[in-house]
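Visitor: I am new to this structure. Please show me how to read its features, step by step.

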Amino acid sequence: MIPMKLRTFMLTVLLCTLAGNTSAQQADGNEQQTVAKQLQQLRKEVIALNRDLFVLEEDLLFPSSTQVVVYLSVDVGTYFKLDAVELKIDDQVVTEYLYTDRQVDALYRGGVQRLHIGNLAQGEHQISAFFIGLGPEGREYKRATSLTFSKDSDAKALELNINDATGKQQPEFVVVEL
């Protein structure tokens, strides 16, 4: 795993070296255009390499045999205005998130947030999510939901979902395995 600072430093040194080489060759106009094209192509390759390094780094940090990902989605939001979420896995807090109005609006418009990515050993686990916000008639609301799930050798994806139950005129909070 290459630390982010080292990766950034290597990319900066590479680009500075190329820029220094190009300044020495600026005598001829045609050579400048050729060097500029080469420099542009090299920049594209460096960006692609950086993307590939990020993917490799994520694969090393979160291998599929231990990976668990938790997403959050909201359906409509008429009966509940989300303010914060606290996520626990096996009674340990793994994520606490406070939302801005723009983030809540994005969730209401169909956005899905990757709330947590981490590693878990194979076996039985319990996830608990606590939702804090404003419920019907502007009252403060704190509700929880939980799910016991089994982690096997494949990556596990879970979704926290906030739905409006129109019959009850109350929000529903569920955890779903994807």
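**Salt bridges and a sheet**

Guide: Start with one side chain: Lys81 is partly exposed, because its relative accessibility is 38%. Keep in mind that this is a predicted model.

Visitor: Which side chain does Lys81 meet in a salt bridge?

Guide: Side chains of opposite charge can pair when their charged atoms come close. Here Lys81 meets Asp101, with 3.3 Å from N to O. Asp101 is exposed, at a relative accessible area of 58%.

Visitor: How many salt bridges does the structure hold?

Guide: There are four. Among them is the pair Asp105 and Arg109, whose closest N and O atoms are 3.1 Å apart. Another joins Glu177 and Lys156, at 2.6 Å between the closest N and O atoms. Glu177 lies in strand E8 and Lys156 in strand E7, so this pair links parts that are 21 residues apart in sequence.

Visitor: Is Lys156 buried or exposed?

Guide: Buried means under 20% relative accessible area. Lys156 has 14%, so Lys156 is buried.

Visitor: In what order do the strands of the open sheet lie?

Guide: Strands of a sheet pair through backbone hydrogen bonds, either parallel or antiparallel. In this open sheet, four strands follow the order E4-E1-E7-E8, with mixed pairing. Strands E4 (112–119) and E8 (170–177) are the edges, each pairing on one side only.

Visitor: In which sense do E1 and E7 pair?

Guide: They pair in the parallel sense, over seven bridges. In E7, Leu158 is the bridge partner of Val70.

Methods
Residues are numbered from 1 along each chain as its sequence is written. This is a predicted model: local features need pLDDT of at least 70, side-chain atom pairs count only at pLDDT 80 or more; totals for chains, interfaces and linings use all residues. Side-chain values use heavy atoms; hydrogens and water are left out. Two strands pair if DSSP finds at least two bridges between them. Helices (H or I, at least four residues) and strands (E, at least two) are DSSP runs, numbered from the N terminus. Buried means under 20% relative accessible area, exposed over 50%, partly exposed in between (1.4 Å probe, protein chains only).
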